[in-house]
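Work through the exercises below with the sequence and the structure at hand. Try each task before reading its solution.

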Amino acid sequence: MKLAMIGFGQAGGKIVDRFLDYDDRTNSGIVRAAIAVNSAKADLIGLDNIPEENRVLIGQARVKGHGVGADNELGAEIAEEDIDEVQNAIDQIPTHEVDAFLIVAGMGGGTGSGGSPVLAKHLKRIYTIPVYGLGVLPGTDEGGIYTLNAARSFQTFVREVDNLLVFDNDSWRQTGESVEGGYDQINEEIVRRFGILFGAGEVGDGQEVAESVVDSSEIINTLSGGGVSTVGYASEEVELDSGGGLLSRFTGEGGGSDDDLDAANTTNRITSLVRKAALGRLTLPCEIEGTERALLVLSGPSEYLNRKGIERGRKWLEEETGSMEVRGGDFPRQEPEVAAAILLSGVTNVPRIKRLQQVAIEAQDNIDDIQRESEENLEELVEDDEDELEPLF
Ligand code: GDP
């Protein structure tokens, strides 16, 4: 599937930058165009792979290239004011070759948190292709204001996109690491999971055609209907055989029975990978029962993929989710691993979001209280007790 990716804000820009690197490394061809939008000049300069002409600085008149300082209402305002500048950059990309837009942003900050729903709304008015969001939730240790920003952005962003794919930093935080080092690993996890998913069906030069292909329309159908999505992933190392078949086929004796054994092993490996992916760590932790639609992508060397495994995995997912719309297919890649990526679309039982909203409401009340108190305190300080003094004017 070919995407036009727009990274909004610092996190969004860094993640899209990383997607370009992934595309280059794996030859997956998913990023047809990449744009970064920010109100902080330094963040745009810090990017490695997004072409300079595709880096758009907004809000110069208001914040002079210094960012909005986690004020997402200001982020939304400047996005609205400077939407033409973003549109100018989008006009330079071949949108007729693109299957969908993907707007990527950290929802806890200011620029991306406020600006990405504004951009989604704008793009949906102009283009007929889907507009998806990839929203990153802040860690719970980041504090009240980030949580409040994320909760408000989440509500708005979901409404404006065709589907919001969510990644929760909190579930991926590693202890004992620097924040920057931690983000590097987290961003790698993001591009791996979403890269495999969106890469399915995008057959590049020299790649094999899948036995049961996942094409972009299946990804679009899984995401259609809106709502919130999460992605599960599991992988297992396998040996690459340059001859094209399983190594054991050549080393083993009595070819026929080996083949049967191989087929059974392959099927079992796939079904257990599917279970691990669905029941393990999801990009947004949630209950998978009640998921509306799902897509299973199995990637790896073609000799390690088979239709029976995928069918069984699909059936199992149908039972676990209760969904009647579970699609599946394979994505042959000459990598020394077999991986299952599962897109769960239309999830609604998500305690993490309910907790986020609770903390956000508390933060909002606190902020209001503190503001009221500090106004009173200031008045007490400035005014003399008996009101004997008069200000100059
Ligand atoms: P903005 O530039 O004002 O949009 O704000 P940022 O993108 O800097 O930060 C928003 C939120 O994104 C933060 O609260 C973090 O939770 C998260 N964040 C920042 N940088 C990264 C990153 O590189 N990767 C990930 N996964 N999250 C990040």
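Two residues are in contact when they have heavy atoms within 4.5 Å of each other. Keep that cut-off in mind. The model used here is predicted.

**Exercise 1. Describe the chain as a whole: its elements, its extent, its buried share and its contacts.**

Solution. 
- Step 1: take the elements. The chain has 14 helices and 10 strands.
- Step 2: take the extent. The C-alpha trace spans about 105 × 40 × 40 Å along its principal axes.
- Step 3: take burial. Of the 393 residues in the chain, 52% are buried. The cut-off for buried is under 20% relative accessible area.
- Step 4: take the contacts between residues at least 6 apart in sequence. Of these, 82% join residues at least 24 apart.

**Exercise 2. Compare the reach of helix α1 with its expected span, then list its buried residues and find what follows the helix.**

Solution. 
- Step 1: α1 covers residues 9–26, which is 18 residues.
- Step 2: compare the spans. From first C-alpha to last, α1 reaches 26 Å, close to the 26 Å expected at 1.5 Å a residue.
- Step 3: list the buried positions. They are G9, G12, G13, I15, V16, D17, F19, Y22, D23 and T26.
- Step 4: recall helix geometry. An α-helix has 3.6 residues a turn, so residues three or four places apart point the same way.
- Step 5: look past the end of α1. N27 follows, with a positive phi near 55°.

**Exercise 3. Locate the two domains and characterise the interface between them.**

Solution. 
- Step 1: read the bounds. The domain assignment gives domain 1 as 3–199 and domain 2 as 228–345.
- Step 2: The C-alpha centres of domain 1 and domain 2 lie 30 Å apart.
- Step 3: count the partners. In domain 1, 20 residues are in contact with 19 residues of domain 2.
- Step 4: take the area. The two domains bury about 1700 Å² between them, and 64% of it is on carbon and sulfur atoms.
- Step 5: find the main contributors in domain 1. R193, I196 and L197 lose the most area to domain 2, together 40% of what that side buries.
- Step 6: check the polar side. Nine residue pairs are in polar contact.

**Exercise 4. Which elements supply the side of domain 1 that touches domain 2?**

Solution. 
- Step 1: name the suppliers. α1, α7 (144–160), β6 (163–168), α8 (169–172) and α9 (179–199) each give at least two residues.
- Step 2: α9 gives the most, with seven residues.

Key:
Residues are numbered from 1 along each chain as its sequence is written. This is a predicted model: local features need pLDDT of at least 70, side-chain atom pairs count only at pLDDT 80 or more; totals for chains, interfaces and linings use all residues. Side-chain values use heavy atoms; hydrogens and water are left out. Helices (H or I, at least four residues) and strands (E, at least two) are DSSP runs, numbered from the N terminus. The expected span of a helix is 1.5 Å times one less than its number of residues. Buried means under 20% relative accessible area, exposed over 50%, partly exposed in between (1.4 Å probe, protein chains only). Domain bounds come from an automatic or database domain assignment. Buried area is the accessible area (1.4 Å probe) that two parts lose on being put together, summed over both. A polar contact is a pair of N or O atoms within 3.5 Å; within protein, one must be able to donate a hydrogen and the other to accept it, and residues adjacent in sequence count only if both atoms are side-chain atoms.
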